[in-house]
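Please look over the sequence and the model, then read the points below.

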Amino acid sequence: PNTHQLEGSRSFFPSPVLTIFIIISSNMKISVALFAFLSAAASSTDAFAAPSRQFAVRGGSALASTKDSKTKDVEKTDEKDEKKAAEDAPPVNIGWDSHKYIDEVPDSLVKEGDGPDGNYPMRSKFEKMCREAQVSITKAIEELDGEGSFQEDAWIRPTGGGGMSRVLSGGKVFEKAGVNLSVVYGTMPQEALQAATERGVDRAAGMAPGERVPFFACGLSSVMHPKNPFAPTMHFNYRYFETDGGVWWFGGGTDITPSYVDEDDMKHFHGTYKKICDKHDPEYYKEFKAWADRYFVIQHRNETRGMGGIFFDDQNDKEPDEHFAFSKECVNSVIKSYGPLVEKHKDDEYTPAQKEWQLMRRGRYVEFNLVYDRGTVFGLKTGGRIESILMSLPETARWEYNHQPEPGTPEADFIDAVQNPRDWV
């Protein structure tokens, strides 16, 4: 890049960029590793992108020598201002290596007085709900699998909060299944807050540019990847946020990602959540189903990740207890909505070609999660526990060059369904 490009951009990478590394091993098998580099070229306070002058220095002395003394004086002033801003900023309470593993989980990871001032009883109640759901869901999945069992990792942070990850690998039915509980206190860049919610700018109102936002977050998230191509993948996440100044909101949802279209399966899954939505608000299902169809779009493929479900965010227009009750009923209906689908298909016969199709659809799953998923971006930008953040990825996936299903096949019908979201109930 020339000097003008260096000075005029925040990063070498546009947002987003997929970089493919091809590794040829000694036995001549080819492995493909996909990494997503997230940058925000238009953001003035990106957590990943370094200021352009740092790239200029790395570019060599020839580029650096083209700057005149006036530019250098401006840079020195900028560096001094940035150093002062860093000194005045609140401490960063979380980081990649700030987790301390523990053998015994405390009764609660929520402590009164930790984090920003807020609704401590709701924080405690939401964590309790998440803990109970984690136990009941993992128990039901173990029974459904018949062989696999969940491994639990627990950790705390010195500054407060922590989490518990439960992951099952190599089961009889599930290739991988995980249910993660997180309680997080910290401060985050304003663009991370923006990544965590649909209306991130509103959540940082009144804060100075570059000022970090103190926050509390508690959530339960899960992804289930069955082995059989006819048994769908399922994801859910339910969360409660607070930021400095008493601002709070609920978010979450449950969605389904099959590899083949089964209308009866979709009617059962969507029907389960429509009943819950109708019980709490007659407008919820229509609104949250459409929200899921918009949110789970793989933009560079012009298709949705799967067959949708419900998705909601920024919910604070009712009393907190009303939003809590809705989230609780949704998370406690995960097994009711999903379990029968896996039970129905776990022993279906399938061909090698159908397995390859499933792995290609898993590749799409990876693309969405690494490039667009709000929770992944939030976790990376706030220094979350990396194993928990990437727990959602399948153990195996596949990318074929320019693969196009034959017209009239079940695979072609699936592509039509993800390019043109359907109403199932």
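In which sense do strand E4 and strand E5 pair, and over how many bridges? In this predicted model, strand E4 (residues 151–156) and strand E5 (residues 161–169) pair in the antiparallel sense over six bridges.

- Where E4 pairs with E5, Trp155 stands opposite Gly163 in E5.

**Helices H5 and H10**

- Two packed helices are described by the angle between their axes and the distance between the axes.
- Helix H5 (residues 120–145) packs with helix H10 (residues 320–331) at an angle of about 10°, and their axes are 11 Å apart. That angle makes H5 roughly parallel to H10, because angles under 35 degrees count as roughly parallel.
- On the H5 side, the residues in contact are Met122, Lys125, Phe126, Met129, Ala133 and Ile137. On the H10 side, they are Pro320, Asp321, Phe324, Ser327, Lys328 and Val331.
- By class, this contact of H5 with H10 has eight nonpolar, one polar and three charged residues.

**Gly251 in strand E9**

- Gly251 is placed in strand E9 (residues 247–257).
- With a relative accessible area of 0%, Gly251 is buried.
- Leaving aside residues up to four places away in sequence, Gly251 touches Asn237, Tyr238, Arg239, Phe312 and Asp313.
- Gly251 and Tyr240 are eleven residues apart along the chain, and their C-alpha atoms are separated by 6.5 Å.

**Thr272 in helix H8**

- Thr272 lies in helix H8 (residues 263–280).
- Thr272 counts as buried because its relative accessibility is 10%, and buried means under 20%.
- A polar atom of the Thr272 side chain lies 2.8 Å from the backbone oxygen of His268.
- Not counting residues up to four places away in sequence, Thr272 touches Ser333, Lys336 and Ser337.

Key:
Residues are numbered from 1 along each chain as its sequence is written. This is a predicted model: local features need pLDDT of at least 70, side-chain atom pairs count only at pLDDT 80 or more; totals for chains, interfaces and linings use all residues. Side-chain values use heavy atoms; hydrogens and water are left out. Axes are lines fitted to C-alpha atoms, for helices over the stretch in contact, and angles run from 0 to 180 degrees between N-to-C directions. Helices (H or I, at least four residues) and strands (E, at least two) are DSSP runs, numbered from the N terminus. Angles under 35 degrees count as roughly parallel, over 145 as roughly antiparallel, 65 to 115 as roughly perpendicular and the rest as oblique. Contact means heavy atoms within 4.5 Å. Ala, Val, Leu, Ile, Met, Phe, Trp, Tyr, Cys and Pro count as nonpolar, Asp, Glu, Lys and Arg as charged, and the others, Gly among them, as polar. Buried means under 20% relative accessible area, exposed over 50%, partly exposed in between (1.4 Å probe, protein chains only). A polar contact is a pair of N or O atoms within 3.5 Å; within protein, one must be able to donate a hydrogen and the other to accept it, and residues adjacent in sequence count only if both atoms are side-chain atoms. Two strands pair if DSSP finds at least two bridges between them.
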